[in-house]
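Here are a few friendly notes to read alongside the structure. Keep the 3D view open and follow the points one by one.

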Amino acid sequence: ANLKVWLPCCCQASVCRARAIMSSDTAVAQEIASDAAGASVATVAPDFPLVDIAPFLAPDGSPLAAQRGATALAWDSAMREWGFARVTGHQIDPDLVARLRADVLNFFDLSLEEKRRYSDPSGRYGPEGYTAVGIESVGRTSTAAGTTGGALPDLVENLVLRGGPIETAEELGERSRFPPSLQRLTGEYWKQLERTLGALHAMTALALGEDVALFDGAYRGTQANALRMAHYPAMPADKPVLSGQMRYGAHTDYQGYTLLMQDPLVGGLEVFRPPNGTYPGGWSAVPPGGLVVNAGDLVELWVNGRWRSAMHRVGNSALAKRRLSLAFFTGPRGDARIEPIVREGEEARFEAVIAGEHLARKLAVSNVGNL
């Protein structure tokens, strides 16, 4: 018999809206429901999407820009099937990324006491600044929707730059939870990410058959974007992790697109691909390196379920090695009302949400001690 397995999508008030994945295989259904603790081994998928977005960064009227239609079709296919894609042609400077990575790793090499000078007084993950290992348990954002029986603290420490880059000495003084040594390079990187995000939004509008300015109103003046520098420390072999504990638990992202610059050498990102006519469903490992983009909850809501906000995690396949990823979370203004684009003949699959309220609920649940 077909089984419905509920995965979290987006929340309205305290009621979680969800989508059902249909499966005729009981074992697969049980895996989806119970495997947030990482019991199964992820395998590399040879057909993980690769999309070159260079046409959307090329000048209008250029030969490269003429390829935008085909690129948008490839994006639509990737988001329908996976909700993820490896992205090339993004024009983010690799030398800048390398220099930023080196400086960020130097920060994480500081003593815990020195790093905690940059922690928010609340000690919570979410505000700008540093959070230590043991503060966040992202799997709880799925647990709250009933997909798992519990989630342990994640094996990650974070440094977050929230709202926008720090551009002046006065602003640096006001935002004392961010290390001055990282001000310049994070500012340069942020601007390149925003350019890439603009290309992604233009490609999305074309893929959906909507006006190119589709996202302009909701994103104008947004303070919801955040650069999260996530450091996964190497775990000594003589200090095994707790049963079911992961570097980063299974979850969906909360807002718009996430632009993830992966560690160039150390893997760990794993994406859940639901069953279809030819694939039984399961976790797929994404090889390290490069830029990976995925759709968050609000994208899935916006497109009325046409695309997926996919469940993903950071597995324990390389616990002996430290790993650093640079995740740029993007989202509409906090007061923006996000509602589905309903095509002729469709019904709305989700209720509208206020973007900032949705984000606040998710962040609250993800902090250890809040459940």
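**Notes on the fold**

1. Let's start with contacts (heavy atoms within 4.5 Å). Among contacts in the protein chain with a separation of 6 or more, 76% are between residues 24 or more positions apart. Please keep in mind that this is a predicted model, where local features need pLDDT of at least 70, side-chain atom pairs count only at pLDDT 80 or more, and totals for chains, interfaces and linings use all residues. Residues are numbered from 1 along each chain as its sequence is written, and side-chain values use heavy atoms, with hydrogens and water left out.

2. Now the overall make-up. Of its 371 residues, 56% count as buried, that is, under 20% relative accessible area (1.4 Å probe, protein chains only).

3. Next, look inside. The largest nonpolar core has 52 residues; such a core is a set of buried Ala, Val, Leu, Ile, Met, Phe, Trp, Tyr and Cys residues joined through side-chain atoms within 4.5 Å. Helix H7 (residues 183-208) gives the most to this core, namely eleven residues. A second, separate core of 24 residues includes Phe 48, Val 138, Leu 260 and Ala 310.

4. Which residues have the most contacts inside the largest core? They are Trp 75, Tyr 189, Met 229, Tyr 257, Leu 259 and Trp 307. Leaving aside residues up to four places away in sequence, Tyr 189 touches Ile 92, Leu 96, Val 97, Leu 100, Leu 227, Met 261 and Leu 326.

5. Five of its six residues are buried, so E7 is largely enclosed by the rest of the structure. E7 runs antiparallel to strand E6 (residues 129-131), joined by three bridges, and Tyr 130 stands opposite Leu 159. Six bridges join E7 to strand E8 (residues 226-232), also antiparallel; here Leu 161 has Leu 227 as its bridge partner. (Two strands pair if DSSP finds at least two bridges between them.)

6. Is Tyr 248 buried or exposed? Tyr 248, in strand E9 (residues 248-251), is buried, with a relative accessible area of 6%. Not counting residues up to four places away in sequence, Tyr 248 touches several residues, including Glu 136, Val 138, Asp 154 and Arg 313. Tyr 248 and Gly 139 are 109 residues apart in sequence, while their C-alpha atoms are 7.6 Å apart in space.

Methods
Buried < 20%, exposed > 50% of the residue type's maximum accessible area, 1.4 Å probe, protein only. Helix = DSSP H or I, 4+ residues; strand = E, 2+ residues; numbered from the N terminus.
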